Amino acid sequence: MIKQLACIAVFLVVTAPVETVHNARIYVAPGKYGNYYHLCFRLTPDNCELTVPISERMPKYGGSNEYEFVEGGQFEVFIRKKSFPIPVADYRHNFIILRMPWTSGTDTNATRFIAEKRKVFDRIQKMKLTKKGAVDVSVELLTEYISIKKNKPLMLELEEPNVWFRTAYGRYIDYLGPLKREDCPVSTHPIESMRNRKTITSP
């Protein structure tokens, strides 16, 4: 279960604004190049697939219609467009592609971070094979793939059928809200930034 967390110091509480968009709770976090939009989505045996028709895949993957767990912890899940709370302007496809980003093998904690991603993939795969249960995941909407139709109240639309698992510094982040201290380098953590007299926001 994904938990909403906040990073708390003695005199500082860092929180992320919450917006309700199309009946989904969206956590808005300011970043260096714009806002990050995060939400919790429940994958079920009926609303997602690991294998889809070739016509539903993006051209860069060629003729393969299945994307397995690969080097760097990457994998994909195909969410039925009608099941996702944010509408998509692309009507050519019936699925939204949920992608797990790559973790560099040179990262200090790469082995552990990739193993954590493997556990997420295995849970989703088991759910699909058994047709039982559900898997809650944290999803990030990238600004380059969304359009803001309205600011108050917030209304979003996906310009392309692409969303991502939430990650930071090579690690899958399985919760919403500000990053915990252990999930980001000391020099970039909001609480540590106060000590360094810098303003640094977390992804």
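This is a walk through a predicted model, from its confidence to its cores and then to individual loop residues.

Start with confidence. The mean pLDDT is 77, and 74% of the residues reach 70 or more. One covers residues 1–15, which still have 38 contacts in the model beyond near neighbours in sequence. The other covers residues 187–203, with 36 such contacts. Where pLDDT is low, the predicted coordinates should not be read in detail.

The largest nonpolar core has 34 residues. Leu 43, Phe 84, Ile 124, Leu 141 and Phe 165 have the most contacts inside this core. Two or more residues come from each of β4 (24–31), β5 (34–43), β7, β8, α1 (110–130), β9 (135–141), β11 (155–158) and β12 (162–165). Take Ile 124 as a guide. Beyond its neighbours within four places in sequence, Ile 124 is in contact with Leu 43, Leu 50, Phe 75, Val 77, Val 135 and Phe 165. A second core is separate and has five residues, including Ala 168, Ile 173, Tyr 175 and Cys 184.

Turn to the loops. Lys 81 sits between β7 (75–80) and β8 (95–100). Is this lysine buried or exposed? Lys 81 counts as buried, because its relative accessibility is 18% and the cut-off is under 20%. A polar atom of its side chain lies 2.6 Å from the backbone oxygen of His 93.

Next comes Asp 107, in the loop between β8 and α1. Its relative accessibility is 28%, so Asp 107 counts as partly exposed. Which residues does Asp 107 contact, leaving aside its neighbours within four places in sequence? They are Tyr 169 and Gly 170. Asp 107 and Tyr 169 are 62 residues apart in sequence, yet their C-alpha atoms are 8.7 Å apart in space.

Tyr 169 itself lies in the loop between β13 (167–168) and β14 (171–172). Tyr 169 is partly exposed, at 37% relative accessible area.

Finally, the backbone. Most residues other than glycine have a negative phi, and most peptide bonds are trans. Tyr 169 has a positive phi of about 55°. Lys 131 also has a positive phi, of about 60°. Lys 131 lies in the loop between α1 and β9. With a relative accessible area of 66%, Lys 131 is exposed. A cis peptide bond joins Lys 152 and Pro 153, with omega about -10°. Pro 153 is placed in the loop between β10 (146–150) and β11.

Methods
Residues numbered from 1 in each chain as written. Predicted model: local features only at pLDDT ≥ 70, side-chain atom pairs only at ≥ 80, totals over all residues. Heavy atoms only, no water. Helix = DSSP H or I, 4+ residues; strand = E, 2+ residues; numbered from the N terminus. Buried < 20%, exposed > 50% of the residue type's maximum accessible area, 1.4 Å probe, protein only. Polar contact = N/O pair within 3.5 Å; in protein donor to acceptor, adjacent residues only side chain to side chain. Core = buried A, V, L, I, M, F, W, Y, C linked by side-chain atoms within 4.5 Å. Contact = heavy atoms within 4.5 Å. pLDDT = per-residue confidence, 0-100.
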